[in-house]
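Subject: Structure handover and notes

Dear colleague,

Please find below the structure I promised to pass on, followed by my notes on what was found in it.

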Amino acid sequence: MWNFSYVIPTLLVLVIFMGYYFGLPRIPIRINHTFIMLVVVEFLVLTTDIVATWACINYATLPVGLLYLLNDAYFIAFFLRAYSFFYFTVNVLKSSFSYNQKRRVLVLVPFCVFSLVVITSVWTHLFFYIDETGYHSGVLYNTLYLLIAFYSACSFYLITRHKSRVRRKRELNSVVWYNLILVLGAIVRYVFPTYLLMDTFCLMSLIIIYLSYENPDFYLEPRTWIFNSRALREYVEEINNKKNYTVLMFVIHNYNDLRDLYGIRQMDQGICLIGDYLRKHFKDEMVFYYGNGRFALLGKEDFDYETSYKNIRERFDSSWKADDAELFLEVGGAVLKMSENKLAIENVMSILSEGFDLAGESDEDRVIIVDKEIQDRIIGQTEIKKSLNNAIEHDQLKVYLQPIVNSATGKLEGAEALSRIFEDSGKMISPALFVPIAEKNGMINQVGDQVFEQVCRFVKENNVKAMGLSWINVNLSPIQFMRSDIAEKFYSCAKKYGVDPDFIHLEITEEALIDDSLLVKQMQALSSKGFHFVLDDYGKGYSNITRLRNCPFINVKLDMSLVWDYCKKPDEILPNMVNTFGKMGFSITAEGIENQQMAELMADMGVTHLQGYHFSKPVSMKDFVNDYAKE
Ligand code: C2E
Ligand code: MG
Ligand code: MG
């Protein structure tokens, strides 16, 4: 009466799958341990199901005790499977269940009760019994569906509660899917009990789990089969704040240049060789490849990183022999010791990423220690990044205005737009801190766009001419210059608000490391639309006077360090410089004017415009209107 047509192929597929899966490297994280448990339990269910069913068919020839034993084993494995799937869901959703001993015990109670009912069935006959006509279900048999319903309900409860914890949408879909398939399997089992079909449904769920969470490709570098950056992140996430650990990072110098020099294939072979060397020599540590020539060895608290690094460097003194090339590589290293840290995983990952950068820049024999001071600096930057993202996303970037006065009349003539972001606590983050970060991660484009738009809106909504304003300066980062559509973008924004481009002066810093020909090209594009240019921070960098001649600037801003130095100890250099600029046709602005005496010194020298705290600090647009609207 029982049909084996599904259960035997299911077992075969599972065995092949197990052979494949267990042959691959895995990171020792909880979700992987749980998956192994699940696979083993599924194997037990399948084998006991087949054997117990076969025994029940041949009941007449077998001892009754053996029949009870085999059926007990099957039912307990069956209950354990329901629990294991639930426990896997707990791990996917990072629910506190997995850490909370009390809750874990609590959800195990139904499993234990049902197992007890099964074991005692030999006397009570409640769940099943065997008599002279063979195997029979007991009065409580169908309650096994209650157990499945209980664990499924718990799983779906957790899914609805913690769905935001799943990082990828695909993973959320999967957790819903495999739980639905389990429910479906239980229904099919109830309707067609003799077909032994539920195991096949469970195998389907296992395959979904494998494809969504366990696929080793997710955690392995494809060409080298070393754990990748995702594996490092997930492993660190799991041990962070629970264990003390040490990470030794080392980075191949000039990796990208060497890739061009030696060829991609040869370099990949080199990475494989290094991976093999590390695996062979550092058996107690985990080896990760973070991409771009960056390796990490993660060990226990007492990992002797100094000797290890020394050995690694010594190995790198000799070449790595790829198929048809000999690679000469050099490395720099950094170490991070994590003990009793209470850092969020995001911060730890930022520290690691910066650690790799530091390692890449170092060519010292000794390893760089990523100490508390460096960690605090990185965390500070991560916080700034977060505030910046937040401000951009919620349109909360503020633009302040600082007046620029005519040195002859002392009257307001222009203003500089300076961006500001505020933390939730109200604390201001200086652009000196967030602009370099925004330039690094590309967000400066959004910052620039928002500042530009707010300035245009300000001009449209206020009678700027009546305030005395003839122009407003907007700072432009060299990164923004890289965008080929910058002229078009600014022009259409100005047009949208009915602002004459003539009114906007774009400040670019003298430090800009951008290629001169590109600079000239982009400036010409913007000039042709009517925008003007100011050279910012003159004297801070390498004072490139040729650039001044080649580019269409109308104003030069003397950096405040130059102004302050002169005011402290006047000399001939600055007046001559100002004189030259004047003759070249530039107007000149002195930044950082903090008192009347400085203002007079600059005015006497021929500086045409003055900006500084002596006149006003940068103020919000609202305060600016309040201060100057009546004038
Ligand atoms: P910057 O363009 O040279 O701006 C002048 C800086 O000097 C401003 O600092 C201003 O507050 C400060 N300052 C003005 N007068 C005085 C003074 O009398 N004494 C002192 N001690 N400081 C004075 P802030 O606002 O912190 O901006 C720093 C830099 O950040 C700016 O230097 C500019 O390079 C950059 N920045 C600000 N906003 C933006 C922006 O929207 N886009 C870009 N790309 N850069 C920006
Ligand atoms: Mg400026
Ligand atoms: Mg400046």
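How many residues does helix 13 have, and how far does helix 13 reach from its first C-alpha to its last? Helix 13 (residues 345-361) has 17 residues and reaches 24 Å, close to the 24 Å expected at 1.5 Å a residue, where the expected span is 1.5 Å times one less than the number of residues. Helices here are DSSP runs of H or I with at least four residues, strands are runs of E with at least two, and both are numbered from the N terminus.

Before going further, please note that this is a predicted model, in which local features need pLDDT of at least 70 and side-chain atom pairs count only at pLDDT 80 or more, while totals for chains, interfaces and linings use all residues. Residues are numbered from 1 along each chain as its sequence is written, chains are lettered from A and ligands numbered from 1 in the order in which they are written, and side-chain values use heavy atoms, with hydrogens and water left out.

**The helices**

Helix 13 is mostly covered, with twelve of its 17 residues buried, where buried means under 20% relative accessible area, exposed means over 50%, and partly exposed lies in between (1.4 Å probe, protein chains only). Among the buried residues of helix 13 are Ile345, Val348, Ile351, Leu352, Phe356 and Leu358, and the list also includes Asn347 and Glu354.

Helix 7 (residues 169-191), with 23 residues, reaches 33 Å from its first C-alpha to its last, which is close to the 33 Å expected. Its buried residues include Val175, Tyr178, Ile181, Leu182 and Val188, as well as Glu171 and Arg189. The buried residues of helix 7 pack against helix 3 (64-92), helix 6 (144-162), helix 8 (198-214) and helix 9 (229-239), contact being taken as heavy atoms within 4.5 Å.

Helix 3 also holds Ala73, which is partly exposed, with a relative accessible area of 32%. The C-alpha atoms of Ala73 and Arg103 are separated by 26 Å, the two residues being 30 residues apart along the chain.

The axes of helix 22 (residues 560-568) and helix 24 (residues 596-605) come within 11 Å and cross at roughly 100°, which makes helix 22 roughly perpendicular to helix 24. Axes are lines fitted to C-alpha atoms, for helices over the stretch in contact, and angles run from 0 to 180 degrees between N-to-C directions; under 35 degrees counts as roughly parallel, over 145 as roughly antiparallel, 65 to 115 as roughly perpendicular and the rest as oblique. Where these two helices meet, Val563, Trp564, Tyr566 and Cys567 come from helix 22, and Met598, Leu601, Met602 and Met605 from helix 24.

Five strands form an open sheet of mixed pairing, in the order 4-5-3-8-9, two strands being paired if DSSP finds at least two bridges between them. Strand 4 (286-291) and strand 9 (368-369) stand at the edges with a single partner strand each, so one side of each is left without a neighbour in the sheet.

Strand 3 (residues 245-252) runs antiparallel to strand 5 (residues 294-300), joined by seven bridges, and Thr246 stands opposite Gly299, while Val251 has Arg294 as its bridge partner. Eight bridges join strand 3 to strand 8 (residues 331-338), again antiparallel, and here Val247 is partnered by Leu336. Both faces of strand 3 are covered, with Tyr245, Val247, Met249 and Val251 buried on one side and Thr246, Leu248, Phe250 and Ile252 buried on the other.

**The magnesium ions**

The magnesium ion (ligand 2) is coordinated by Glu416 (OE), Asn475 (OD1), Glu507 (OE) and Asp536 (OD), at 2.0 to 2.2 Å. Donors are N, O and S atoms within 2.8 Å of the metal (3.2 Å for Na, K and Ca), and water is not among the atoms, so sites may look incomplete. Glu416 in strand 11 (residues 412-422) and Glu507 in strand 14 (residues 504-509) link distant parts of the chain, 91 residues apart. Glu416 is buried at 3% relative accessible area, and Glu507 is buried at 0%.

Asp536 bridges the two magnesium ions, which lie 4.0 Å apart. Asp536 is buried, with a relative accessible area of 4%, and Asp537 also counts as buried, at 12%.

With best wishes
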